[in-house]
Amino acid sequence: MNRRHFISILGAFTVLGISGDYLYNKFFANGPGKYIFGNEAVRNVKNSFDELLGDDNVKYLRQIVTADNQGTRRITWQSASPLPSPKIEYRSAKKSTESYIANTEDISFNDGDVSIVQYTALLEGLNTDTEYEFRIISESGNSEWHKLQTAPDKGDFKMIIFPDSQSSDYSDFEKVAQGAWERNSDAKLFTVMGDLVDNGQDHSQWRAWFNALDGIIGNIAFAPVMGNHETYDLNWQTRLPAAYLGYFQHPDNGSEKYNQYYYSFDYGDVHFSVLNTQDYELGDFADTLVSEQKNWLRRDMNATKKKWKIVLMHRDVLMYAFGPQSGRSGRPEGFDDDGVNYMPLFDELGIDIVFTAHLHTYRNRGHIYNFDHSSKGPLYILTGVAGNVRYPHLWKDHALDIATLPQPETDNYLTMEVTDKKLTVKCFLPDGTQMDEASVTK
Ligand SMILES: [Fe+2]
């Protein structure tokens, strides 16, 4: 190793504010055969004059899905105050002799009188199906190392699916989420099916929501789904969902107008399309959302070479009549506008599973094709409720329902296990009791 070669691979060190001469003289000049370019050197140097970044500097750390989860991952976090030159250092968990540096983008935003300081970085060039470690580094210190696992090209994996988490008190959601994670710590990604919070502009709710997912959202990939409650402001009027769009960075969908409103991603041999069903709340802004999204979905699903095709969408496809004990009436059973709009397209595109939410009840409707039960169509799962906003006895069973949970319903969560030949969806109560199972084979 000569000095020129040393300088050429020094990029990672320079961002740490450590001069090449310093490193060269301290390590290489002392003689070959010692740790020089590995992270051991970085750690030894850094820890000699840096403090560990405190919790306030790295809050609500999240891993967000990217279009290609085999080679990239998005990392976003908040900080109590601006950080000097933050970067992300990452390395293979098994072969930690080299580390890489990703630049970050300051994506701080104001929402009313709330200011959110936050940063994001896209880690690129990762190897498929590989364990990594990453940490946040800045001139005022480093965070601890966190795990990151890239997706396989094919192969088995497990996903956790949480229904609506909107709450007046997020402790129930925390119990559901942490219990699900404890029992499924082998899961590689998770989603919350929209209505993450009750009020999209109430940042105290966002803090409670992030806290409920502590230890989960920073460790495995999160696939966000926008719900109608993300569009509500503090006066319960609808608005563009500024907080949701600030907190989560979706993969680019190529849309000029609705770029962060719907998206798709691959994980293993599954292609997921995440639709936006907030065209009503988004008002005039969304005048072309449904037509654009339908065209996009056709292109998006037809372009994928993945074996399995899954749709995540907040609003359900069926229309439920009010139950006899609800004290309400005037709502006929049938199909929701989103069902009328999208179900024929799901039939056409050969979608395997459609996960929905919004109605705060779990319903397994089996496979539906051309608006009726048929093994030719997608499996439709209305995912239930994971927060404390429950609607006891509100809905009458739909003619297409195959299974629901004991009434009045408490919270639930789901898992989806993906193998080469089978998708298996299981529904659990918060204590881990399995209540339902459905599968798709191909
Ligand atoms: Fe909703």
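What share of the contacts with a separation of 6 or more in the protein comes from residues 24 or more positions apart?

**View 1. The whole protein at a glance.** The answer is 69%, where a contact means two C-beta atoms, placed from the backbone, within 7 Å. This is a predicted model, in which local features need pLDDT of at least 70, side-chain atom pairs count only at pLDDT 80 or more, and totals for chains, interfaces and linings use all residues. Residues are numbered from 1 along each chain as its sequence is written. You can look for 9 helices and 26 strands; these are DSSP runs numbered from the N terminus (helices: H or I, at least four residues; strands: E, at least two). Of the 442 residues, 44% are buried, with 20 or more other C-beta atoms (placed from the backbone) within 10 Å of their own C-beta; exposed means 12 or fewer, and partly exposed lies in between.

View 2. Helix 5 has 13 residues, 171-183. Its buried residues are D172, F173, V176, A177, A180 and W181. They sit on the same side of helix 5 because they cover an arc of only 160° around the axis, taken from the directions from the helix axis to the C-beta atoms. On the other side, S171 and E182 are exposed.

**View 3. The partners of helix 5.** Here the buried residues of helix 5 pack against strand 11 (157-162), helix 6 (203-212) and strand 24 (413-418).

**View 4. D397 in its loop.** D397 lies between strand 22 (379-383) and strand 23 (403-404). D397 counts as partly exposed because it has 15 C-beta neighbours inside 10 Å. The C-alpha atoms of D397 and A321 are 7.9 Å apart, although 76 residues separate them along the chain.

Definitions and conventions. Expected span 1.5 Å × (residues − 1).
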